[in-house]
Structure formats: C-alpha cells, structure tokens
Amino acid sequence: MNIKSFLHECIETIVIVAVLVIVIRGFVGEPRWIPSASMRPTLLEGDRVFIEKVTTKYHLRDIQRGDILVFYPPFSKLEDSLWAKFTRFVGLFDKNEAYIKRVIAVEGDKYKIDTDPKTGASVVYINDKRLKEPYLYENKTINCTENMYCGPAVVPKDHYLMLGDNRANSQDGRFWGLLHKDRVIGKAIFLFWPLNRIKIFTTPDY
C-alpha cells in the first residue's frame with residue numbers, strides 16, 4: 001500500500017467516524033457530566049449519565065412526571081447562528097449552560113410547592129394531593145416567597161415544572177418558572193460512571 005492510498009483510507013475512516021458521531025449525538029443520544037449537587041442523592045457531582053433524544057425530539061413518548069431531563073433553562077438566550085445550532089445539535093463545543101432536573105408537574109397539573117412545618121422538608125401538591133417523593137435529599141428545602149413560582153398554578157400546554165432532588169441547593173422552577181418542551185435536550189436513561197454507581201433511571205410509580 002502506497003502513502004497516497006494509506007492517506008485516502010485514513011481520511012475516509014475519519015469522515016465516516018465523524019458522520020457517525022454527529023448522527024448518534026444529534027439524533028440518538030449523548031453523555032453528560034453532572035457539575036453540581038442539585039440532584040443529590042440521585043446524581044452526585046462528577047457522575048456521567050447518558051441521555052436519549054429519540055423520544056423527546058420526535059415526541060414518540062410523552063414526558064412523564066418523575067422523568068429526569070437535561071435542558072436549557074428558560075432564562076438563557078440561545079444564539080441563532082448556524083454554528084451555535086450545530087453545537088447544540090451534537091452537544092459538542094456548546095457554550096450554553098444546560099441543567100438537569102426532575103419533572104414534577106406536566107401539562108394540565110395543578111401544583112403547589114410548600115414546606116413541611118415539622119420537618120422543614122419540601123412538600124409538593126399535585127392536583128391537591130401530596131406527592132410522594134422518596135428520592136429527595138435530606139429534610140431541608142428553601143422556603144417559597146412571593147417572588148418565587150411556587151403556585152398554586154396550573155401547568156399550561158407544552159410546559160413542565162422542573163425541580164431538583166436536593167431542594168435546599170437547586171436553582172430550579174421555583175426561581176425561573178416553567179420549562180417549555182422546546183428547551184428539552186434529552187432524557188437521562190442511565191448512569192454509566194463511576195462504575196460502582198451504574199444504574200438505569202426508572203420513572204417513579206406515583
């Protein structure tokens with residue numbers, strides 16, 4: 001094999017791999033790194049999760065209460081250039097900050113966020129019934145104020161109420177309101193790193 005043929009094969013291989021990476025990351029899913037403690041104990045700082053985009057991007061399955069989503073928060077401005085759109089599509093070189101939180105209320109749900117006066121824990125009412133949340137971290141939360149989006153209110157069409165599992169340390173829907181479905185990047189389906197914490201995320205049985 002001469003040098004010209006070798007270089008041709010190398011370039012061809014690189015192009016094929018690059019196309020596969022773009023297709024897989026853009027249409028199927030991608031890995032994400034957890035930077036904060038807002039989803040403790042479900043997710044710890046430094047965890048790596050895989051998010052799938054097929055069901056959320058093409059609406060093959062309705063997003064359900066309890067799903068863990070990666071998304072762009074509603075207050076962040078997304079650039080409209082072709083390069084910015086491409087980086088968001090593949091999840092590489094993207095300068096926009098993404099959040100990861102849990103879906104607590106979906107379209108049509110009436111919600112209210114409160115604090116248990118005895119334990120100081122977060123209490124959420126969905127359609128006037130207290131939501132059981134075994135995934136919460138400790139018996140602490142941030143008390144709601146008049147300036148926060150704690151309800152009672154009804155979630156409008158194509159929106160979700162997103163909260164962190166660590167309610168005492170989470171910048172979530174209580175502070176910036178409801179999330180529109182167009183801001184969703186994908187749904188977290190399993191944790192793959194570190195190896196001693198590998199697990200598949202299942203939707204809680206409410």
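Visitor: What volume does the largest pocket have?

Guide: Keep in mind that this is a predicted model. Rolling a probe the size of a water molecule over the atoms shows where empty space is left. For the largest pocket here, the volume comes to about 530 Å³.

Visitor: Which residues are the closest to the centre of the largest pocket?

Guide: The lining of that pocket is made up of 21 residues. Of these, the ones closest to the centre are Thr 56, Lys 57, His 59, Lys 181 and Val 184.

Visitor: Which element gives the largest share of the lining of the largest pocket?

Guide: Helix H2 (54-57), H3 and strand E11 (184-193) each supply at least two residues of the lining. The largest share is 3 residues, and the element behind it is H3.

Visitor: Which two parts does the aromatic pair of Phe 27 and Phe 89 tie together?

Guide: The structure holds 9 aromatic pairs. In the one formed by Phe 27 and Phe 89, the rings are 5.0 Å apart centre to centre, with 80° between the planes, which is edge-to-face. The two residues are 62 apart in sequence, so the pair ties together helix H1 (residues 3-28), where Phe 27 lies, and, with Phe 89, helix H3 (residues 82-90).

Visitor: Is Phe 89 buried, exposed or partly exposed?

Guide: Buried means under 20% relative accessible area, and exposed means over 50%. Phe 89 has a relative accessible area of 25%, so it falls in between: partly exposed.

Visitor: Which ring does the charged end of Lys 101 sit over?

Guide: Look at the cluster that ring pairs make from Phe 71, Phe 75, Tyr 99 and Trp 176. The charged end of Lys 101 is 5.5 Å from the centre of one of those rings, that of Tyr 99.

Visitor: Which cysteines does the disulfide join?

Guide: Two sulfurs within 2.5 Å count as a disulfide, and the structure has 1 disulfide. Its S to S distance is 1.9 Å, and the residues it joins are Cys 144 and Cys 150.

Note on methods
Residues numbered from 1 in each chain as written. Predicted model: local features only at pLDDT ≥ 70, side-chain atom pairs only at ≥ 80, totals over all residues. Heavy atoms only, no water. Phe/Tyr/Trp six-rings, centres within 6.5 Å; stacked < 30°, edge-to-face > 60°. Helix = DSSP H or I, 4+ residues; strand = E, 2+ residues; numbered from the N terminus. Buried < 20%, exposed > 50% of the residue type's maximum accessible area, 1.4 Å probe, protein only. Lys NZ or Arg CZ within 6 Å of the ring centre and 35° of its normal. 1 Å grid on protein atoms, 1.4 Å probe; cavity = no way out; pocket = protein on both sides within 12 Å on 5 of 7 lines; lining within 4 Å. Points joined across faces, edges and corners; volume = space filled by probe spheres on them.
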